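Visitor: Could you walk me through this one, feature by feature? I would like to learn how to read each of them.

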Amino acid sequence: MPELPEVEAARRALEEHCLGKTIKKAVVADDSKVIDGISPSDLQSALVGKTIVAALRKGKNMWLKLDSPPFPSFQFGMTGAVYIKGVAVTKYKRSAVNDTDEWPSKFSKLFVELDDGLEFSFTDKRRMAKVRLLNDPACVPPISELGPDALLEPMTVDELHKSLSKKKVAIKALLLDQVFISGIGNWIADEVLYQARIHPQQISSSLSKEYCATLHKCIKEVIEQAVEVGADSSQFPKNWIFHSREKKSKAFVDGKKIEFITAGGRTTAYVPELQKLTGDQAGKEQPAPKQKAPKRKKGKDDDDDDGNDGEKESESDEEETSTKAQSNRASKTRGRAKKTSADNGGDSDEPQKKTPGKTINSKQTKAGKKASEGKASKENGKKPKKTAA
């Protein structure tokens, strides 16, 4: 899933190769789920003939500033990506588009040709991204609703501590909240908390100023290092938990066992030996689930142009769906239990069994069983056997 480093890598590539150039041609996909609030023909007309003067970003959102408004904005979603023909944008996706590759990709939502012949494309195979045309992207939702950018607008330690002290939610969930701080996604949140030795379910307001200072330092270091290498995960430090996130049951980092839980509605990797609940939460930690996180089934569209069979974070969506389904099943089970109890006149300790149309208890069941045995014996011409009391 594209997070701040991946989107920043795309922004920097466009900034380096496209500024000062005029859009000669634009091809917009007929996909209203991604092309949001404007027809393909109107978006095309608004772009052709305009000169790109800047590439800007906040959080996981990017937009191109043209020589006159409106401007195209890109919300990357789960699988949004920018490709520039002949240019290595980021190793998160394939490094560059080769002459033998399909171009533009069948997943292209916006294809642009510049006046010097350079071509770039915004793709999205899972159709969860948004391409919009806005007069001032930074002043309208969703960008106007974002919190400070984790790279460009970092809080001070004092600001972070003051803000956390007011939040009665788990720190992992808070880091994922784009209104609190923008740009941090699932893998960055896990990495930051592991490096800071903070349990993902630790309540934010319980963190001391010392922990806040460590958290502040780790947010800065993880994001800056990921951005510095262009989101190329092969160049991430070897002691990052990132490298073992996909190994599940055999996951270790620096010899320490990695466990997987659900925190903030997402599959979360952490090291219990190093990341412990503190304060009032100490000793209340639940054991990590034994089952592996569910894997996403490969669909027909997974063989896309980037060479990756599925996204790194895709299994977390299914886990959240699975968690909700389990919760719904549990609620229905509790509802049936309450109904059975009510049918029997309240909270009885007597074991109960349910049959269509009526509810009977265990004594009634035993009596029915004796009667059935007697009837069966008579039909066979035999006397029923006495049943021991």
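Guide: Gladly, and let's begin with the sheet. Strands of a sheet pair through backbone hydrogen bonds, either parallel or antiparallel. In this predicted model, an open sheet of 4 strands runs in the order 1-6-7-5, with antiparallel pairing.

Visitor: Which strands stand at the edges of the sheet?

Guide: Strand 1 (23-28) and strand 5 do; each has a single partner strand, so one side of each is left without a neighbour in the sheet. On average, neighbouring strands are turned by 15° against each other, direction ignored.

Visitor: Over how many bridges do strand 5 and strand 7 pair?

Guide: They pair over 4 bridges, in the antiparallel sense. To see one, look at Ala81, whose bridge partner in strand 7 is Thr123.

Visitor: Which strands does helix 1 touch?

Guide: Helix 1 (residues 4-18) packs on the sheet and touches strand 5, strand 6 (108-114) and strand 7. Its direction makes about 30° with that of strand 5. Helix 2 (residues 40-47) also packs on the sheet, touching strand 1 and strand 6, and its direction makes about 165° with that of strand 1.

Visitor: Let's turn to the rings. How many aromatic pairs are found in the whole structure?

Guide: A pair of aromatic rings is described by the distance of the centres and the angle of the planes. A search of the whole structure finds 8 aromatic pairs. One of them joins Phe76 and Phe122: the ring centres are 5.3 Å apart and the planes stand at 85°, so this pair is edge-to-face.

Visitor: Why does the pair of Phe76 and Phe122 tie together parts that are apart in sequence?

Guide: Phe76 lies in the loop between strand 4 (71-75) and strand 5 (81-84), while Phe122 belongs to strand 7 (residues 119-123), so the pair links parts that are 46 residues apart in sequence.

Visitor: Is Phe76 buried or exposed?

Guide: Buried, because its relative accessibility is 2%. Phe122 counts as buried too, at 2% relative accessibility.

Visitor: What about the rings of Phe236 and Phe242?

Guide: Their centres are 5.1 Å apart and their planes stand at 75°, so this pair is edge-to-face. Phe236 is buried at 3% relative accessible area, and Phe242 counts as buried at 11%. Together with Trp187 and Trp240, Phe236 and Phe242 form one aromatic cluster.

Visitor: Where does the charged end of Arg197 sit?

Guide: Over the ring of Tyr194, 4.6 Å from its centre. Elsewhere, Lys257 lies over the face of Phe252, at 5.8 Å from the ring centre.

Technical notes: Residues numbered from 1 in each chain as written. Predicted model: local features only at pLDDT ≥ 70, side-chain atom pairs only at ≥ 80, totals over all residues. Heavy atoms only, no water. Phe/Tyr/Trp six-rings, centres within 6.5 Å; stacked < 30°, edge-to-face > 60°. Helix = DSSP H or I, 4+ residues; strand = E, 2+ residues; numbered from the N terminus. Buried < 20%, exposed > 50% of the residue type's maximum accessible area, 1.4 Å probe, protein only. Lys NZ or Arg CZ within 6 Å of the ring centre and 35° of its normal. Pairing = 2+ DSSP bridges. Axes fitted to C-alpha atoms, helices over the stretch in contact; angles between N-to-C directions. Contact = heavy atoms within 4.5 Å.
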